[in-house]
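Subject: Structure handover

Hello,

Here is the structure for your files. Please look it over before reading on.

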Amino acid sequence: MTKKWWKEAVVYQVYWRSFYDSNGDGYGDLQGVMEKLDYIKELGVDVIWLNPCYESPDIDNGYDIKNYYNIMEKAGDMETWEKLLEKIHKLDMKLIMDLVVNHTSDQHPWFVESRSSKDNPKRDWYIWKDSVKGGPPNNWRSYFTPSAWEYDELTNQYYMHSFAVEQPDLNWENEELREEVYRMMRFWLDKGIDGFRLDVINLLAKLKGFPNVENPDNINYLGNNEGIHDYLQEMHEKVFKHYDIMTVGEIPFVTPEDGVLYVGEDRKELHTLFHFEVADDMPTWDLQRFKEIQTRWYEGLKGKGTNSQFLNNHDHTRQVTRYGNDGKYRIESAKLLATMIHTLPGIPYVYQGEEIGMTGVRFDSIEDYNDIAMKNEYKEEVAKGRDPQEVFEDLLLLSRDNSRTPIQWDSSKNAGFTDGQPWIKVNPNYKTINVEQALKDPESVFYYYKKLIQLRKKNPVMIYGDYQDLSLDEKELYVYTRTYEGKCWLVLLNHSDTNNLFTLPEQLDENNKQLIISNYTDLDGTEDIHQTEMRPHEARIYDL
Ligand code: TEU
């Protein structure tokens, strides 16, 4: 595989509205990010992924864009954004912007025009269809609502939305629209950004003919449709290839066979992708399944394209709560998950707060939540006659607000996030889990992340190494090697609240081993690993 800066990078995701509030309005903002950049730099990451901060009515936290050329008031203004970019570059980091081009806000002037009349020049920039038999054009559902169609009285037609009603889907078949999107992408790239995270980019092409589907609830028909690769190749040709950037596509419902079509280096589409076989399809920890997913993706992309590794983001419950143990073993478990993500093949992503082992939340009532996905689902289920409390309980584990609570900076009021009223409640555990505490403790999760990130800089084996799972028959141990240019690293992970006996496979020799990192502090590398008791959530890396 050719060497590239973005393959070697560690990405830190900044969900700015929950990062740091500089002006007391209760929302994190770009100025706040700027004030805390030294903290991000201290961690040692290379790239910052900034969630959408474009002008937006903000019904889906910025994923409903009203003006691609302007900054949302809550976030700041263009001048502040420009200063932020400059400061990020000065600190020798890069910035990728989160961009949403599958849909816009219903308040975007394009849509306002489009809906105004059937013969408006922008009518065809969105997807309008006649009613079928007095109902919507077909039986598709959207991510956030029972139907993917919204009736518009003015012109007596329906428009399509893959997400909320306020997020109409753009019609990528329209060439004029595509050119306008490419122009907008160049606008940002010409400002000097280092790439894009492309929101649900595989949804651009719609299922040909808009037929009814057999099982509308399994919404995978919304993505990976015929024509998608033409759009992405065109986007690459007209935009991406002219810049030294990183592009990461958010690609739900994708298998490795399809994945390689998006990120294969010969394909000239995207650099890397997020697949959702873990985050969307594995609600709680399932090690056997996880190993199978890792091996399949590794084999599928091997020598052809680059994967991404993440267990949480702003849409997915914090990893230590969902996949680890956020109680007794919070620290060990946060470090174990980090060890895994940073040593599996692919680019590692750190979602803000993960580096101090922040946990999910459990607020008292639906009123305390903000997530439109959760709130809509709550309404939909309650409308079916289900018990509201039971629905609420069912939605708690996966509510997107689990990961959206403010960063816990210190133990002062509102965790030091804001002087005002925070837009979403702070996790009550901020007095014990916070940045100030983490920076004081040399054994903190933070410094463990820092060490892992530094290791990546010095050890190409973590990036380009071959991967082999040695633990297929193990129920709670995950053991694998990465090998590269004569180096062999052994990763030992005990995903469990109890001890597990590890036996070194015969083909491996421990005689010259060196301990690279471990989340228990009593090891020095002289320990015998021929047979060794792995303690709860213990993680170790050896250089053999
Ligand atoms: O998410 C896409 C999306 O909805 C899923 O891939 C995700 O796994 C799901 O939300 C889990 O329930 C993107 C953004 O990340 C998300 O914040 C937006 O709401 C959405 O697109 C619409 O733009």
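Predicted model: local features only at pLDDT ≥ 70, side-chain atom pairs only at ≥ 80, totals over all residues.

Residues are numbered from 1 along each chain as its sequence is written, and side-chain values use heavy atoms, with hydrogens and water left out.

The ligand is surrounded by 18 residues (a heavy atom within 4 Å). Asp-60, Asp-199, Asp-280, His-314 and Asp-315 are the closest. By class, the shell has eight charged residues, seven nonpolar and three polar (Asp, Glu, Lys and Arg are charged; Ala, Val, Leu, Ile, Met, Phe, Trp, Tyr, Cys and Pro nonpolar; the others, Gly among them, polar).

Polar contacts (N or O pairs within 3.5 Å) to ligand oxygen atoms include those from the side chains of His-103 at 2.9 Å, Glu-250 at 3.0 Å and Arg-197 at 3.1 Å. Alone, the ligand exposes 500 Å², of which the protein buries 92% (Shrake-Rupley, 1.4 Å probe).

The domain assignment (automatic or from a database) gives domain 1 (5–104 + 175–365 + 400–451), domain 2 (109–160), domain 3 (366–399) and domain 4 (465–543). The C-alpha centres of domain 2 and domain 4 are 56 Å apart.

Two cavities of 30 Å³ or more were found (on a 1 Å grid over the protein atoms alone, points where a 1.4 Å probe fits but cannot get out). The largest cavity holds about 70 Å³ (the space filled by probe spheres set on the points). Its lining (an atom within 4 Å of a point) includes Phe-274, His-275, Phe-290 and Phe-310.

Regards

How values were computed: Polar contact = N/O pair within 3.5 Å; in protein donor to acceptor, adjacent residues only side chain to side chain. 1 Å grid on protein atoms, 1.4 Å probe; cavity = no way out; pocket = protein on both sides within 12 Å on 5 of 7 lines; lining within 4 Å.
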